[in-house]
Amino acid sequence: MSDPSLRFGYGTNGLTDLRLDDALGLLADLGYHGVGLTLDHMHLDPLAPNLAARTGKVAARLAELGLGVTVETGARYVLDPRRKHGPSLLDPEPEGRAARAGLLTTAVRVAADLGAHAVHCFSGILPTATTAETAWQRLADSLAPVLTAAGTAGVPLAVEPEPGHLLATLADFHHLRSLLGDPGPDLLGLTLDIGHCQCLEPASPADCVRAAAPWLRHVQIEDMRRGVHEHLPFGDGEIDFPPVLDALAATGYRGLTVVELPRHSHAGPELARSSLAFLRSLTDPSGSPAPATPATTSVKGAPAP
């Protein structure tokens, strides 16, 4: 863990116009270290027949290409073709919550078979006419069997604070940890989205990285503006990235740092290329971040007026 080099990946939710095999080949050719693989109908469909056999083929392809992997579960309509991200772990119907927990349990098994270092998930939006107290209890109860599966598989669950969701901030993550009796970061870890930090956290993205370090199991990265939840290509938002990369390296984090541009699939191959070029421009040849821009000269990352 003394080697601070960063490992960059790209999310397949930003490459949905490509077949999965083509997307993996592209990322390897560009020089990425890995991939954030969203289980979806077009990429390793978790609900289609012969999942184990199909997963084995993807595992072999990843090994052939030398790519690491994180399994992501943010597919918009994989469970319900008419409800975005539905049903969630907070669904009023027990059957809905069970369906989402079942998907996450399947993702844990897939992750173990792929050799993934984490399984990403999020809470969902507070349902209408549901109190926050009830929703938090549903979330904790729904995650209990998933955490059991994660412990058996040896793959940590990495919960993502998502703007607009019940679990939206780092403080909310710690509230969930408390409700679950603090399972420990090798069982219940954190997905930190750098753009989300810029969007709504009171601390700077670099400070969020430092605060999250003990629980960090997955990182997503893109540009974003204060108060606007819109994933942007690097340079189109307000984030000052050198301090963020410096903070990530200082934590000793060795998982993937995955570019997350889910609304840009139409330009996915080009953005995959330019995103890696941008990240590499801020790192030295060993992969360690370049020195951070002095705070006195940096204007990027300032809160919007």
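Q: At what angle do helix 4 and helix 5 pack, and how far apart are their axes?
A: Two packed helices are described by the angle between their axes and the distance between the axes. Here helix 4 and helix 5 (residues 170-179) pack at about 65°, and their axes are 10 Å apart. Axes are lines fitted to C-alpha atoms over the stretch in contact, with angles from 0 to 180 degrees between N-to-C directions. Helices are DSSP runs of H or I with at least four residues, strands are E runs of at least two, and both are numbered from the N terminus. This is a predicted model, in which local features need pLDDT of at least 70 and side-chain atom pairs count only at pLDDT 80 or more, while totals for chains, interfaces and linings use all residues. Residues are numbered from 1 along each chain as its sequence is written, and side-chain values use heavy atoms, with hydrogens and water left out.

Q: Which residues in helix 4 meet which in helix 5?
A: From helix 4 come W136, L139, A140 and L143, and from helix 5 D172, H175, L176 and L179; contact means heavy atoms within 4.5 Å. By class, six of these residues are nonpolar, one is polar and one is charged.

Q: What angle do the axes of helix 1 and helix 9 make?
A: The axes of helix 1 (residues 20-30) and helix 9 (residues 268-281) cross at roughly 30° and come within 10 Å. The two helices are therefore roughly parallel to each other. On the helix 1 side the contact is made by L26, L27 and L30, and on the helix 9 side by P269, A272, R273, L276 and R280. Six of the contact residues are nonpolar, none is polar and two are charged.

Q: Which residues touch the most other members of the largest nonpolar core?
A: In soluble globular proteins, nonpolar side chains tend to be buried together. In this model the largest nonpolar core has 78 residues, and Y10, L44, V71, L114, L139, L192 and I194 touch the most other members. Helix 4 (residues 132-153) supplies the largest share, eight residues. Leaving aside neighbours within four places in sequence, the contacts of L44 include L20, L51, V58, V110 and L114, as well as R54 and T55.

Q: Where is R7 placed, and what does R7 touch?
A: R7 is in strand 1 (residues 7-11). Its relative accessible area is 23%, so R7 is partly exposed (buried is under 20%, exposed over 50%, partly exposed in between, with a 1.4 Å probe and protein chains only). Not counting residues up to four places away in sequence, R7 touches H33, G68, R254, G255, L256 and T257. R7 and L256 are 249 residues apart in sequence, but their C-alpha atoms are 5.2 Å apart in space.

Key. Angles under 35 degrees count as roughly parallel, over 145 as roughly antiparallel, 65 to 115 as roughly perpendicular and the rest as oblique. Ala, Val, Leu, Ile, Met, Phe, Trp, Tyr, Cys and Pro count as nonpolar, Asp, Glu, Lys and Arg as charged, and the others, Gly among them, as polar. A nonpolar core is a set of buried Ala, Val, Leu, Ile, Met, Phe, Trp, Tyr and Cys residues joined through side-chain atoms within 4.5 Å.
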